[in-house]
Amino acid sequence: SSGINAEWPLRPGDDFKPIKLLLDRKVDNKRAVLYVSSIGADPEPADMKSEASTTGSTTNVKTGRGTAKGKKPHKAEEKKEEVPEPEPPKEQKDTGKPRVDSSLREYIEEATSAVGPLPTQAEQIAALSVYVSNQMGGPVTSIAALSYDLHIAQIKADLKTNVIPIGFIKRGIFYHRALLFKVLADRVGVPASLVRGEYNRAWNEVTLVEGGKSKHYLVDLMWEPGQLLEVGSHGAGVYKKL
């Protein structure tokens, strides 16, 4: 398990605060601590499971397509169904531990069974990209329209803690999606790095061998999930900063 806060990665002189200390802090307006673990104190409440079933895509991840050279996904994949507003989780008992993340457990099981068997690494990356995007609200046309900040604030208020299990987040942006992609990629066996930038940005980078040469790509999880942007290209630069 791991907790990632606004100071991640740790700067010189910083200390890695224990999860118990982070849980005991009063809820504030700082960025939430993202907690990654499928082990916790209490089962995830039924309303959170219901939310996961309504906000997650029902598209078979085996059919999720992406492109490694900037091609747009098929138009049919761009459609996104309207989903109801997520219901808040029930109040967490004061156990000194984060909730068990049932959604993350399900994500790991689904990704392992559906993405793992795909024949090429490029196909695995494309399918996993689409899958992660769908769990975090789908392709984004406007960050403002996603209202992720209100969603996160509501979860913090309902759980009465700044520590949020990653699977509780159903509307996420760059760093939420990048963290989930990294977690699932590790479980599936897809080599990928997790890179933190500025302006609340984080992204994943992968390496593919093409024509006997290794090429490095940034994974798009926001605008055109499944698209790979070559590191150093204009598109990759825009994804990191704008």
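Strands β5 and β6 form a hairpin with two residues between them, and Gly-211 in the turn has a positive phi of about 60 degrees; helices (H or I, at least four residues) and strands (E, at least two) are DSSP runs numbered from the N terminus, and two strands pair if DSSP finds at least two bridges between them. The model is predicted, so that local features need pLDDT of at least 70 and side-chain atom pairs count only at pLDDT 80 or more, whereas totals for chains, interfaces and linings use all residues. Residues are numbered from 1 along each chain as its sequence is written, and side-chain values use heavy atoms, with hydrogens and water left out.

The antiparallel strands β5 and β6 are joined by six bridges, and Leu-208 stands opposite Lys-215 in β6. Strand β4 (residues 193-196) pairs with β5 (residues 202-210), also in the antiparallel sense, over four bridges, with Arg-196 opposite Ala-202 in β5. This second hairpin, β4 and β5, has five residues between its strands, and Tyr-199 in the turn has a positive phi of about 60 degrees.

Three aromatic pairs are found in a search of the whole structure, where rings of Phe, Tyr and Trp (its six-membered ring) pair if their centres lie within 6.5 Å, planes under 30 degrees apart counting as stacked, over 60 as edge-to-face and the rest as tilted. Tyr-107 and Tyr-131 form an edge-to-face pair, at 6.1 Å centre to centre and 90 degrees between the planes. Because Tyr-107 lies in helix α4 (residues 102-114) and Tyr-131 in helix α5 (residues 121-135), this pair ties together parts that are 24 residues apart in sequence. Both Tyr-107 and Tyr-131 are buried (under 20% relative accessible area, with exposed over 50% and partly exposed in between, for a 1.4 Å probe and protein chains only).

Phe-174 and Trp-223 form another edge-to-face pair, with 5.9 Å between centres and 65 degrees between planes. Phe-174 lies in helix α8 (residues 174-188) and Trp-223 in the loop between β6 (213-219) and β7 (228-230), so the pair ties together parts that are 49 residues apart in sequence. Phe-174 counts as buried at 2% relative accessibility, whereas Trp-223 is partly exposed, with a relative accessible area of 33%. Together with Tyr-239, Phe-174 and Trp-223 form one aromatic cluster.
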